[in-house]
Amino acid sequence: MAKGEGGEQYSNASLLSKPGTADGIKLAKNHEHRNRLSVCNKICYAIGGAPYQITGCALGFFLQIYLLDVAQLDPFYASIILFVGRAWDAVTDPTVGFLVSRSPWTRFGRMLPWILLSTPLAVLSYFLIWYVPVFDEGKVIWYLFWYCLFQSLQTCFHVPYSALTMFISSEQKERDSATAYRMTVEVLGTVLGTAIQGQIVGMANAPCLPGPGDILSELSNSSNSAGLDNTEPVISLEHTKAAYMISSGVICSIYILCALILFFGVREQKESCRPRSEPMGFFQGIKLVMGHGPYAKLVMVFLFTSLAFMLLEGNFALFCSSTLGFRNDFQNILLVIMLSATLAIPFWQWFLTRFGKKTAVYTGSLSVIPFMILVVCIESSLIVTYIVSFASGVGVAAAFLLPW
């Protein structure tokens with residue numbers, strides 16, 4: 001009797017456990033399907049990374065030339081604007097990150113409202129950076145204010161966007177796939193930003209700072225008026241100002257479009273985030289993060305690599321246009337750098353998997369140095385400059401893989 005009762009109990013327990021197991025599997029499959037991102041979701045998420053790269057390349061390559069040639073500021077004040085803007089960006093990054101982490105959850109999520117609300121003001125401030133005010137006394141304050149404001153608002157866009165990766169899905173595989181899409185679009189964004197700004201502005205170069213070849217040409221033309229080419233169109237400073245305004249308007253339109261695609265194409269999932277611990281103070285969090293040795297070293301490497309690339313952006317464009325005298329070709333030289341960097345990424349991805357990330361970053365960063373020395377030491381030559389630019393872009397591509 002006892003054996004029979006035990007067998008009956010075991011049989012009943014087995015019957016009851018089978019449906020429960022089936023329901024658990026079904027729920028797990030439904031949960032996995034709900035967290036799976038479609039290709040459309042990944043593309044919409046990736047497009048959100050384009051504005052940061054497009055505006056970053058446009059400002060990095062052309063703002064210094066714009067302040068000197070078009071706004072006609074003193075080089076000292078132009079360098080102050082660029083330095084303060086970059087330093088201000090370094091301050092706003094951790095501050096905005098702290099505020100985003102403390103923001104409440106809304107029906108649209110925690111990150112997406114920051115992205116949507118910061119976009120209109122960011123677009124306005126970016127557009128006004130490329131506007132030359134009618135007054136001369138406060139030009140430095142004008143550009144410094146709008147540049148710092150744009151850096152702050154762009155941080156309000158990019159920091160939540162970077163953190164959004166953890167909220168689009170709870171599956172690590174899906175997040176990694178979305179990150180791959182994002183990286184591809186960001187690399188294409190650097191090319192797009194350089195192409196839009198360079199090609200539009202390149203059609204109207206300001207003649208206010210003549211190069212060495214222009215001076216010799218003017219002397220020769222003044223001694224022999226018969227040699228003048230009257231058919232060549234004369235581009236005024238007003239045409240150059242209009243070209244910068246048009247390019248900024250195009251980039252602003254792309255910025256808004258990308259933000260809208262991101263907002264409506266991505267759903268932020270509350271259940272994908274980890275349980276929140278006790279809130280931590282700002283300085284306590286900074287101390288905790290920087291106290292982790294490997295992360296602190298990675299931040300320092302990324303800092304100096306980014307700093308070197310920023311210096312390369314502005315100074316190389318200025319060097320090509322003013323020192324080498326390639327004012328009609330410098331925008332194409334910059335485009336060659338970004339195109340070669342884009343084409344070289346698959347090679348560095350293979351190199352990284354074969355020899356490791358450290359070796360890839362060291363090799364890519366150091367390979368740029370000989371070509372930069374070469375373009376300075378040899379006589380000015382457009383063909384050599386294009387070759388050096390292409391080789392430099394191959395080395396720059398390694399920096400794209402550092403954060404990932």
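Proline 160 is found in helix H6. Helices here are DSSP runs of H or I with at least four residues, and strands are runs of E with at least two, numbered from the N terminus. The model is predicted, so local features need pLDDT of at least 70 and side-chain atom pairs count only at pLDDT 80 or more, while totals for chains, interfaces and linings use all residues. Residues are numbered from 1 along each chain as its sequence is written, and side-chain values use heavy atoms, with hydrogens and water left out.

Is proline 160 buried or exposed? Proline 160 has a relative accessible area of 0% and is therefore buried. The term buried means under 20% relative accessible area, exposed means over 50%, and partly exposed lies in between, with a 1.4 Å probe and protein chains only. Not counting residues up to four places away in sequence, proline 160 touches Val100, Met111, Trp114, Ile115 and Thr155; contact means heavy atoms within 4.5 Å. The C-alpha atoms of proline 160 and glycine 97 are separated by 7.5 Å, although the two residues are 63 apart along the chain.

I turn to the helix pairs. Helix H4 (residues 75-102) packs with helix H6 (residues 139-163) at an angle of about 30 degrees, and their axes are 8 Å apart. H4 is therefore roughly parallel to H6. Angles under 35 degrees count as roughly parallel, over 145 as roughly antiparallel, 65 to 115 as roughly perpendicular and the rest as oblique. Axes are lines fitted to C-alpha atoms, for helices over the stretch in contact, and angles run from 0 to 180 degrees between N-to-C directions. By class, the contact of H4 with H6 has 15 nonpolar, six polar and three charged residues. Nonpolar covers Ala, Val, Leu, Ile, Met, Phe, Trp, Tyr, Cys and Pro, charged covers Asp, Glu, Lys and Arg, and the others, Gly among them, are polar.

Helix H3 (residues 50-70) crosses H4 at roughly 145 degrees, the axes coming within 9 Å. Which residues meet there? Gly60, Leu63, Gln64, Leu67 and Leu68 in H3 meet Pro75, Ala78, Ile81, Leu82 and Arg86 in H4. The residues of this contact divide into seven nonpolar, two polar and one charged.

Finally, threonine 385 lies in helix H14 (residues 382-400). Threonine 385 counts as buried because its relative accessibility is 2%. Its side chain reaches the backbone oxygen of serine 381 at 2.7 Å. Leaving aside neighbours within four places in sequence, threonine 385 is in contact with Cys320, Leu324, Phe326, Ile333 and Val375.

Notes
Polar contact = N/O pair within 3.5 Å; in protein donor to acceptor, adjacent residues only side chain to side chain.
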